[in-house]
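Let's take a walk through this structure together, starting with its open spaces and ending at a metal ion. Keep the 3D view open as you read.

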Amino acid sequence: MSNFPSNEKALGMYRKMYTIRKYEECLYYLFLEGMMPGSLHQSTGEEACAVGMLYDLRTEDWMATTHRPAGHDIAKGVDIKAMMCEMFGSEEGCCGGHGGAMHTGDIRVGAMPANAIVGGDLPIAAGVALSNKMKHNDNVVVCFLGDGATNEGSYHETMNVVGLWKLPVIFACENNLYGANTSVLLSYYAENPAADRAECYGIPSEVVDGNDVLAVNEAATRAIARARAGEGATILELKTYRHGGHSRNDACGYRPDAEEDFWINQHDPVKSFRKVILEHGVISETELEAIEAEIEKEIDEAAEYAKTAKQPDYDSATKNIFWEGK
Ligand SMILES: Cc1ncc(C[n+]2csc(CCOP(=O)(O)OP(=O)(O)O)c2C)c(N)n1
Ligand SMILES: [Mg+2]
């Protein structure tokens with residue numbers, strides 16, 4: 001068992017994890033009701049990765065992510081109401097309603113608006129880390145990616161320069177066993193596609209139980225300390241599982257029942273951590289239920305608000321877009 005944090009931290013981490021779980025659940029139903037435009041890639045099941053990695057970051061540290069960003073954004077501190085408004089295309093959304101589900105973020109809290117290109121956030125994260133290094137501050141960048149991204153050219157080009165220049169960035173590879181509907185077994189010779197290939201870039205790596213928030217947080221603490229001390233990058237490969245389909249139109253027929261049962265029913269990160277904090281006497285179950293109810297209320301209110309929040313004017317469609325038109 002990992003070293004147990006203070007009660008305040010344990011409860012703070014659980015609050016974040018539960019918020020992510022309920023936010024995604026709320027969106028799931030709203031999407032089924034046909035309330036929202038676009039598609040949705042949900043992070044349910046991967047809450048421990050987001051919270052364990054980001055809980056101890058400062059506002060001026062950065063987080064970069066791609067097409068499955070909600071958990072990362074919430075963990076970095078993006079406002080729930082602004083995220084919900086973004087889902088409804090409202091101008092009150094965190095990206096003015098122009099981004100949608102795959103582009104949420106808020107630079108004021110160090111959450112780079114997400115990048116829908118698989119592997120697209122990696123070179124940007126390296127660039128931000130280079131900027132921090134050149135400014136001689138000790139800010140770090142946590143960059144999320146999926147197992148699928150580790151076969152992209154941008155991954156290997158980024159790792160090459162990050163290893164060579166010892167840039168202060170921590171890569172958190174959420175290995176959820178699938179890139180869309182393709183199993184990792186069909187995509188990699190390596191058992192651990194991120195960690196096993198890290199050595200050739202001179203970057204230390206760890207394989208971590210991505211459904212254990214304390215294990216993730218401990219690995220993140222080690223990696224963040226290295227980066228702040230000028231010792232360079234770390235690659236953390238977090239073994240996890242998404243509970244739902246790749247996106248909202250994926251019924252997941254390609255996943256074996258026993259595998260789903262193992263990960264979803266027996267290793268649910270939110271339920272497991274709930275059990276752990278109760279066993280450690282962090283809080284009584286009645287008090288915890290009250291906190292959970294408060295979180296559910298906050299999310300329901302955000303969704304109700306977002307449904308009627310102001311839509312952008314048509315004239316704003318080309319705002320913040322660079323083009324060489326007339
Ligand atoms: C460069 C690029 N290729 C393909 C896609 C389409 N696409 C979106 S997500 C995805 C799978 C990514 O898998 P992984 O990196 O493991 O992340 P996960 O979805 O499992 O979180 C694909 C192929 C894309 N967005 N960008
Ligand atoms: Mg994946």
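**Pockets and a metal site**

The largest pocket has a volume of about 450 Å³, taken as the space filled by probe spheres set on grid points joined across faces, edges and corners. A pocket here is an open set of points on a 1 Å grid over the protein atoms alone, where a 1.4 Å probe fits, with protein on both sides within 12 Å along at least five of seven lines; lining residues have an atom within 4 Å of a point. Of its 24 lining residues, Arg21, Glu25, Thr44, His243 and Gly244 are closest to the centre. Helix H1 (7–32) gives the most to this lining, with eight residues; helices are DSSP runs of H or I with at least four residues, strands runs of E with at least two, numbered from the N terminus.

This is a predicted model, in which local features need pLDDT of at least 70 and side-chain atom pairs 80 or more, while totals for chains, interfaces and linings use all residues. Residues are numbered from 1 along each chain as its sequence is written, and side-chain values use heavy atoms, without hydrogens and water.

Now find the second largest pocket, with a volume of about 250 Å³. Among its 21 lining residues, His67, Arg68, Gly146, Asp147 and Asn176 lie nearest the centre. Strand S2 (141–146) supplies at least two lining residues, as does strand S4 (178–179).

Which residues coordinate the magnesium ion (ligand 2)? They are Asp147 (OD), Asn176 (OD1) and Tyr178 (O), at 2.1 to 2.2 Å; donors are N, O and S atoms within 2.8 Å of the metal (3.2 Å for Na, K and Ca), and water is not among the atoms, so sites may look incomplete. Asn176 is buried, with a relative accessible area of 5%, and Tyr178 is buried too, at 7% (buried means under 20%, exposed over 50%, partly exposed in between, with a 1.4 Å probe and protein chains only).

Definitions and conventions: Chains are lettered from A and ligands numbered from 1 in the order in which they are written.
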